[in-house]
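Welcome! Here is a friendly tour of a structure, to be read with the sequence and the 3D view beside you.

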Number of protein chains: 2
Amino acid sequence: MNNKIKWLREKISMQNMQGMIISNPKNIKYLTGIDAEGILLITRKENFFLTDARYTEYVQSVLTINDGIIVNDIRNVSRDDYENFFMFCENVGFEENYVTYSTYKKFLERYKIHNLEETENMIEKQRMIKDEEEIALIEKACYITDECFKYICDYIKVGKTEKEIAFEIEKFFKENGAEGLAFDTIVASGKNSSKPHATPSDKQIEAGDPITIDMGCIYKGYCSDMTRTVFARYVPVTAKNIYDLVLKNQLQTLREMKDGANIRTFSRMVENDFKINGYDLVHSLGHGVGLDIHEMPFLSSNNDTNLKANMVVTDEPGIYIPGSFGVRIEDTVLITKSGCITLTKSDKNYIVVDKN
Amino acid sequence: MNNKIKWLREKISMQNMQGMIISNPKNIKYLTGIDAEGILLITRKENFFLTDARYTEYVQSVLTINDGIIVNDIRNVSRDDYENFFMFCENVGFEENYVTYSTYKKFLERYKIHNLEETENMIEKQRMIKDEEEIALIEKACYITDECFKYICDYIKVGKTEKEIAFEIEKFFKENGAEGLAFDTIVASGKNSSKPHATPSDKQIEAGDPITIDMGCIYKGYCSDMTRTVFARYVPVTAKNIYDLVLKNQLQTLREMKDGANIRTFSRMVENDFKINGYDLVHSLGHGVGLDIHEMPFLSSNNDTNLKANMVVTDEPGIYIPGSFGVRIEDTVLITKSGCITLTKSDKNYIVVDKN
């Protein structure tokens with residue numbers, strides 16, 4: 001049995017559960033490496049992956065004997081088989097934050113389980129701490145993102161549309177080893193940059209525009225996330241104060257981030273510094289990054305837990321002035337015992353594109 | 001109040017529900033036109049849309065007085081407000097196929113509802129029957145798809161990779177009025193075409209390759225879906241029989257499809273004709289298309305219901321020979337009283353690309 005499944009079996013056993021049904025595909029990928037439709041059953045003695053004919057060949061090719069997972073084609077799983085999986089289990093865990101209410105009821109009926117227990121993001125919490133292999137994949141995704149940023153800074157010219165730039169980013173990612181986008185790229189210029197979640201429009205870049213570019217790719221299942229706000233031709237004087245304030249807080253947060261740092265404390269520091277200057281932090285300061293682009297831990301002043309070594313999180317303060325413009329600066333960051341390492345390494349000083 | 005919400009209020013009232021919580025964003029878009037994060041509450045007398053500061057301005061711009069929807073920023077909704085929404089409601093509906101188990105429990109606790117009732121895809125079932133405006137949007141998405149297909153047939157040359165072709169399709173869609181892809185485009189050539197769900201690879205097109213292209217775009221929220229299997233330079237003799245058999249069944253199904261036609265019956269016809277010829281229909285024959293790319297009704301021999309006028313569905317038989325090649329031909333189709341209209345109109349005879 002692989003180490004992650006061993007860990008899970010110990011964990012559920014400590015909580016007096018004798019089995020677990022895992023349906024979230026990201027959790028399945030984390031535990032088994034399998035990236036296919038199906039369901040993972042941890043039973044008293046064995047582990048099963050139930051899938052269909054489309055995937056059985058692929059799944060067999062991913063697994064080794066070491067994984068200790070029996071692959072079943074659902075066409076060959078009878079009603080009795082379903083009832084037998086958890087026959088001697090008093091409590092069986094499930095993912096209450098992923099499974100719909102109707103699937104929950106279907107589980108009860110199909111597996112004839114005495115007690116289907118909530119597992120409170122047990123696997124998601126474990127996923128917060130990345131192992132070496134996971135960190136290497138995120139590093140690679142971040143490297144491709146930095147390369148893409150270099151490329152796109154040369155590409156952006158006054159007159160290009162936000163959509164064209166967003167599309168060029170996607171193309172670069174796909175042509176340079178990424179599987180695809182970690183999320184829909186944001187390219188928001190001029191007034192559009194005042195909306196934190198703007199979608200790329202047909203607006204053309206104009207001289208003096210701040211351009212917020214929020215981008216990330218997926219490499220072997222793992223995500224990157226980086227934002228830079230660049231300027232077309234020149235940096236408008238009105239933007240400098242805001243840019244400096246955002247950057248100061250982004251850098252200050254990097255100095256605070258390390259094993260043991262309290263998330264609420266360093267989030268409050270940014271909120272307070274923004275407030276003193278007359279602004280609000282309207283979104284959270286950051287989030288975990290891994291198989292999901294947004295995963296635990298969520299960094300905001302609502303979260304009173306501490307960072308731990310080998311978490312990978314974003315640090316992304318932003319200020320948005322409605323009807324005017326906005327600035328956000330974001331890195332993907334690896335937490336260490338003594339501090340943190342930014343995995344996205346693009347420049348954060350004033351970046352001017354289309355300089356002529 | 002708009003007609004769709006009036007319909008919903010009557011529907012839930014007939015089932016002795018006094019309110020409903022709608023969380024599925026596609027259902028919210030269908031009922032209100034709103035395309036933003038939030039939750040729609042149908043209460044005894046009023047309709048509320050709860051959203052956050054990011055979306056309030058946009059939502060107000062989408063709604064008219066006619067919609068009769070009160071927009072609330074969740075920051076201003078107190079614990080008491082939540083409890084008051086359904087104060088005099090005995091039964092309140094929710095979407096058990098969308099809402100997670102933990103959200104279900106949160107609803108119970110937050111709204112203090114006596115009885116949270118399953119609504120059995122009530123809105124999804126209504127969404128099966130499209131109105132004129134919806135049909136016009138799907139027609140437009142299909143038109144863009146046909147134009148894209150024309151363009152891509154000229155673009156494909158021996159030596160181009162599947163990924164390049166898929167990317168060019170995406171680019172065409174985005175440059176020609178579509179918001180984006182309705183699903184990840186499939187471009188599967190040669191042996192890859194034997195996998196119904198292949199993802200575009202770095203494989204180059206070779207002379208004699210069958211190339212299955214499954215593509216669709218989104219226009220104002222509505223999807224299109226079309227598949228053609230084309231051939232590079234020439235049609236290999238070995239492919240002709242399979243192609244003819246798939247096409248025959250695709251056309252036969254179009255002749256069967258109309259208001260009142262039993263889905264099981266015409267699905268079985270294809271299954272049987274394939275079987276007689278030594279093949280299997282390994283996926284379902286089709287599915288509804290609308291705000292979701294895959295929605296009700298699902299067309300297979302498991303479904304014993306009938307088609308109805310103004311449904312929009314796909315007709316997509318396919319044959320896949322493992323290790324060799326595959327053929328799938330698919331149209332998006334509007335069901336009428338007397339028959340059906342194919343909304344994707346690209347040629348279905350042998351299509352040869354890169355003819356020199």
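## A first look

Of chain A's 356 residues, 41% count as buried, where buried stands for 20 or more other C-beta atoms, placed from the backbone, within 10 Å of a residue's own. This is a predicted model, in which local features need pLDDT of at least 70, side-chain atom pairs count only at pLDDT 80 or more, and totals for chains, interfaces and linings use all residues. Residues are numbered from 1 along each chain as its sequence is written, while chains are lettered from A and ligands numbered from 1 in the order in which they are written.

Helices (DSSP runs of H or I, at least four residues) and strands (runs of E, at least two) are numbered from the N terminus.

| Feature of chain A | Value |
|---|---|
| Helices | ten |
| Strands | 20 |
| Box filled by the C-alpha atoms, along the principal axes | roughly 70 × 40 × 35 Å |

The contact (C-beta atoms, placed from the backbone, within 7 Å) takes 15 residues from chain B and 16 residues from chain A. On the side of chain B that touches chain A, H8(B) gives the most, with four residues.

How values were computed. Two residues are in contact if their C-beta atoms, placed from the backbone, lie within 7 Å. A residue is buried if 20 or more other C-beta atoms lie within 10 Å of its own, exposed if 12 or fewer, and partly exposed in between; C-beta atoms are placed from the backbone.
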